[in-house]
Amino acid sequence: MNVRSLKFRLALWYFATVAAICLLAAGGYWLGIRSSLDYALDQGLRYRLMGLRQYLEDVGPGGNTEIAARLNEISYLGDLYQVFDGEGALIAQSNGLARHGVVGKAPSGLGPGIRFDTGGTNDFPVRLAWQRVTIRGQSLVLGVADPQRKYEGVLTAFTSVLLVSAPFILALATACGVWLGRRALAPVARITEGARAITETNLSARLAVPDSQDELQQLSETLNAMLGRIEESFTRTRQFTADASHELRAPMTLIYTAAQHSLRRERSREELVESMQKILDESRRTVALVDDLLLLARGDAGRSTAELAPIDAASLVRDAAGQATAMAVAKGIQADLHLEADTLPIRANEARLRRLLLILVDNALKFTPAGGRVTVSGSSDGAEVTIAVADTGTGISPADLPHIFERFWRADRVRSRETGGTGLGLTIARQIADEHNARLDVQSEVGHGSVFTIRFPKAVS
Ligand code: ADP
């Protein structure tokens with residue numbers, strides 16, 4: 001048996017607990033019985049003392065000789081007693097006490113109450129009850145006794161029963177512990193087996209959930225939820241790899257074709273320059289795409305290299321608006337800047353933040369037709385700094401909105417390729433926002449335009 005297994009430890013704990021409870025209970029019973037027996041012994045002595053007193057009141061007392069004679073008359077009854085006069089001189093002692101060599105000696109300082117005492121000899125220890133009484137004007141000291149071992153047999157019998165039954169009780173406890181451990185952990189073994197059978201080839205399989213409304217049902221449901229998340233992440237990774245390969249294939253094919261075309265026959269210098277330019281453009285796109293993929297992969301692995309420092313984002317907002325203006329002119333779009341605060345203090349990585357703003361400005365210009373307007377704005381309130389890029393462009397349909405931050409997602413794949421979009425821009429934008437503990441949200445209405453808002457926690461100076 002594996003001594004480290006939960007089953008073994010459960011059985012051991014069960015055994016230890018039952019043993020401890022049995023030991024405590026047995027000790028408690030033993031003490032309880034002993035104190036009850038002591039009480040019964042004392043109670044018996046109390047009644048006998050009353051009886052002796054009653055007897056003397058009824059028969060005497062007369063003189064000491066008379067008392068001794070009366071007491072000797074009842075000595076054959078076997079009671080253990082002794083009676084002294086007021087000065088402590090022994091008047092009579094029952095045969096039982098005399099026979100066992102108990103020396104008749106009254107205790108000093110006795111009051112009217114009953115006093116209990118132990119005495120007798122080593123061979124015949126007794127429990128004694130004393131009382132000073134006055135019978136018809138004569139002061140007497142009455143003493144009655146009982147062998148201390150009178151009820152000892154009861155206690156010995158009880159102890160024997162305990163000692164004999166203890167091994168059986170403990171053996172039963174062990175057996176129950178083993179059985180309980182096995183029974184309690186059987187569903188866990190089933191869950192383990194089920195989980196073991198799930199590999200990357202059948203990630204859609206789930207564990208059987210027992211309808212037991214207990215921790216094991218919770219465990220199965222939690223594991224199933226975890227499997228769901230793992231499957232989702234697996235699917236996403238597969239999809240990402242497929243999309244990335246697809247995206248990389250297009251420029252690589254163009255580079256390959258351009259090179260092949262140039263080498264097919266003798267080319268003029270102009271033709272070669274044109275081919276090389278095509279190759280250069282596609283290589284640049286490929287490098288940019290690989291850089292983006294690397295950035296996302298680093299973010300996924302939690303190895304983002306962005307170090308944050310306190311900056312004033314107002315200048316970045318101004319620069320973004322400047323860039324928008326420069327790019328907008330050619331498209332016949334108007335670009336505006338709206339700065340509602342002098343400073344926008346945040347903790348940021350300047351290069352990364354510039355990239356984020358450029359992605360948003362670039363998209364705004366891409367999806368806004370001539371005659372439209374793109375506005376870059378910055379504002380600050382008590383706790384937040386807000387930067388927004390708004391456009392009056394095509395807008396995003398409610399059906400598309402939940403997808404725009406997904407990798408490689410584009411509302412219009414064909415158009416995006418023409419405009420150079422890979423569908424990674426907003427994914428990177430959100431990753432950068434996350435690195436800054438900022439929230440990137442979007443509000444959009446088809447035909448009216450979109451507003452992308454980034455809310456940063458304000459840096460305390
Ligand atoms: P892309 O490289 O295609 O721009 P993004 O991740 O930046 O990739 O954007 C994903 C998609 O979200 C875009 O293809 C477009 O459909 C939509 N989108 C992003 N920004 C805007 C915007 N300002 N107006 C309308 N649609 C937008």
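Residues are numbered from 1 along each chain as its sequence is written, and side-chain values use heavy atoms, with hydrogens and water left out. Because the model is predicted, local features need a pLDDT of at least 70 and side-chain atom pairs count only at pLDDT 80 or more, while totals for chains, interfaces and linings use all residues. Helices (H or I, at least four residues) and strands (E, at least two) are DSSP runs, numbered from the N terminus.

I turn to the ligand. Which residues are the closest to the ligand? They are Asn 363, Lys 366, Asp 391, Gly 423 and Leu 426, out of 21 residues that surround the ligand; a residue counts here if one of its heavy atoms lies within 4 Å of the molecule. By class, this shell has 9 nonpolar, 9 polar and 3 charged residues. In this scheme Ala, Val, Leu, Ile, Met, Phe, Trp, Tyr, Cys and Pro are nonpolar, Asp, Glu, Lys and Arg are charged, and the others, Gly among them, are polar.

Next, the polar contacts, meaning pairs of N or O atoms within 3.5 Å. A polar side-chain atom of Asp 391 is 2.9 Å from a nitrogen atom of the ligand. Backbone atoms also take part: a polar one of Leu 426 lies 2.8 Å from a ligand oxygen atom, and an N or O atom of the Gly 425 backbone lies 3.4 Å from an oxygen atom of the ligand. The protein covers 97% of the 530 Å² of accessible area that the ligand has on its own, by the Shrake-Rupley method with a 1.4 Å probe. Helix H8 (350–366), helix H10 (425–435) and strand S12 (449–457) each give two or more residues to the shell; the largest share, 3 residues, comes from H8.

S12 leads us to a sheet. This open sheet has 5 strands in the order S7-S9-S10-S12-S11, with mixed pairing, where two strands pair if DSSP finds at least two bridges between them. Strand S7 (334–339) and strand S11 (439–445) are at the edges with a single partner strand each, so one side of each is left without a neighbour in the sheet. S7 and strand S9 (residues 373–380) pair in the parallel sense over 6 bridges, and Ala 335 stands opposite Val 374 in S9. H10 packs on this sheet, touching S11 and S12; contact means heavy atoms within 4.5 Å.

Finally, the other sheet is also open, with 5 strands in the order S2-S1-S5-S4-S3 and antiparallel pairing. Its edges are strand S2 (90–93) and strand S3 (115–120). Strand S1 (residues 80–85) is joined to S2 by 3 bridges, and Gln 82 stands opposite Gln 93 in S2.

Methods: A polar contact is a pair of N or O atoms within 3.5 Å; within protein, one must be able to donate a hydrogen and the other to accept it, and residues adjacent in sequence count only if both atoms are side-chain atoms. Axes are lines fitted to C-alpha atoms, for helices over the stretch in contact, and angles run from 0 to 180 degrees between N-to-C directions.
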